Amino acid sequence: MKRVSIGGQAVLEGVMMKGPDSYALAVRKPDKEIEVKTTEYKSLGERYKVLTIPILRGVVNFIESLYIGMKTLMDSSEYMLEEEEGVKTDSQNIETNNKESEKKSSGDTFYMVGTLIVTLAITIGIFMLLPAFIANFLHKVTDSEMVVNLAEGILRLLIFMGYVVCISFMKDIKRTFMYHGAEHKTINCMEAGDDLTVANVQKHTRFHRRCGTSFVFIVMFISIAVFMFVKTDTLLLRLVSRILLVPVIAGISYEFIRYAGLHDNFISRFLSAPGLWVQRLTTKEPDDDMVEVAIRSVEGVVDWHEYTECVRNNSFE
């Protein structure tokens, strides 16, 4: 068996896990049953080797992760709605449901692409353009472009941290953060070579170096370093430069996260430290039911029995 890196995401009352050639969504429905849906998926990097070039692969991975993340998040919400509305599944309406599913699937791609574009636009607007716009007013009191750019970076960090703190008070988000912890614990358990039982998983830490939270936090730091050396004469050029450099920053940040996830040394620990600290806010200790959901999600993408055996015997190909 080859060594693989499992990634995941917490969704509404569930966990999504992404393996090398598929991703699985496991959701705890209101009737307490666990629904698991596995989807085959071949990444763009596997289809087009040119997209595996360092930096570029980070941009591709970021977009793919956003797409899969939003899709599974929407799918998990549908499970909740179906149960709450008491959707019928008797033989009389099976044909009607199938037709509706066909119509829905035909518009899914367009809808998801549109949602992705809107989400990216809002994210860039709030976390990239807004800090740049506000910091630009400092030009009235200083001629130092470096000072203005540094203030912009600090403001960006404050906006991000404020956002995380605010949403952490929401009831549904708190439960999602608990599922986030279950996701990390399960991956850590498997990567340590321990069998995926609820008891074993609960022994492991809820923090993980390859977490998306760490990626976002590193993006904030990389943006400070990159923008410190970008000088613009007008506000318009300043805002345009922020948009154009987003892919570059995302690509560089991915390489940092990838390095930290593959190595255990002073540099990797140093790079991981800020993201692991933020995970104290974005992950919470899960209950046993949540861990069970995370385990079922892993089982949808990889044979963990064989994987943990390979970890214990160091027998990967």
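Is Arg209 buried, exposed or partly exposed? Keep that in mind for a moment while I say what kind of model this is. It is a predicted model.

Now the answer. Arg209 has a relative accessibility of 22%, so it counts as partly exposed. The cut-off matters here, because buried means under 20% relative accessible area. The side chain of Arg209 forms a salt bridge with that of Asp264, at 3.1 Å from N to O. Arg209 sits in the loop between α6 (198–202) and α7 (212–227), and Asp264 in the loop between α9 (246–262) and α10 (266–282), so this pair ties together parts that are 55 residues apart in sequence. Asp264 is exposed, with a relative accessible area of 59%.

Side chains of opposite charge can pair when their charged atoms come close. In this model the count comes to 17 salt bridges. I will show two others.

One is between the side chains of Glu13 and Arg175, at 2.6 Å from N to O. Glu13 is in the loop between β1 (7–11) and β2 (14–18), while Arg175 belongs to helix α5 (residues 171–191), so the bridge ties together parts 162 residues apart in sequence. Arg175 counts as partly exposed, at 29% relative accessibility.

The next is between Glu145 and Arg238, whose side chains meet at 3.0 Å, N to O. Glu145 is in helix α4 (residues 145–167) and Arg238 in helix α8 (residues 235–244), so-called distant parts of the chain, 93 residues apart. Here both partners, Glu145 and Arg238, are buried. 

Next, the strands. Which way do β1 and β2 run relative to each other, parallel or antiparallel? They run antiparallel, joined by 5 bridges. Val11 stands opposite Gly14 of β2. The two strands form a hairpin with 2 residues between them, and in that turn Glu13 has a positive phi of about 55 degrees. This is the Glu13 that pairs with Arg175.

On to the following strand. β2 and β3 also pair in the antiparallel sense, over 5 bridges. A hairpin of 3 residues joins β2 to β3. Gly14 has a bridge partner in β3 as well, namely Val27.

Now helix α5. How far apart are its end C-alpha atoms? They are 31 Å apart; at 1.5 Å a residue, the 21 residues of α5 should span 30 Å, which agrees. After α5 comes Gly193, with a positive phi near 90 degrees.

That brings me to the interior. In soluble globular proteins, nonpolar side chains tend to be buried together. The largest nonpolar core here has 28 residues, and the members that touch the most others are Ile6, Met17, Met190, Leu196, Val298 and Val302. The elements giving two or more residues to this core are β2, β3 (22–28), α5, α11 (288–299) and α12 (304–313). The largest share, 6 residues, comes from α11. Another core lies apart from this one, with 13 residues, including Met128, Ile218, Ile249 and Ile257.

Thr308 lies in helix α12. It is buried, with a relative accessible area of 0%.

Last, the surface. Which residues form a nonpolar patch there? They are Val118, Ile122, Ile126, Leu130, Phe133, Ile134 and Phe137, and together they have about 600 Å² of accessible area. Take Ile126 as an example. Ile126 is in helix α3 (residues 94–135), and it is partly exposed, with a relative accessible area of 36%.

Technical notes:
Residues are numbered from 1 along each chain as its sequence is written. This is a predicted model: local features need pLDDT of at least 70, side-chain atom pairs count only at pLDDT 80 or more; totals for chains, interfaces and linings use all residues. Side-chain values use heavy atoms; hydrogens and water are left out. A salt bridge is a side-chain nitrogen of Lys or Arg within 4 Å of a carboxyl oxygen of Asp or Glu. Helices (H or I, at least four residues) and strands (E, at least two) are DSSP runs, numbered from the N terminus. Buried means under 20% relative accessible area, exposed over 50%, partly exposed in between (1.4 Å probe, protein chains only). The expected span of a helix is 1.5 Å times one less than its number of residues. Patches are made of residues with over 30% relative accessible area and no salt bridge: like charges are joined within 9 Å, nonpolar side chains (Val, Leu, Ile, Met, Phe, Trp, Tyr) within 5 Å. Accessible areas come from the Shrake-Rupley method with a 1.4 Å probe; for residues, only the protein chains shown count as cover. A nonpolar core is a set of buried Ala, Val, Leu, Ile, Met, Phe, Trp, Tyr and Cys residues joined through side-chain atoms within 4.5 Å. Two strands pair if DSSP finds at least two bridges between them.
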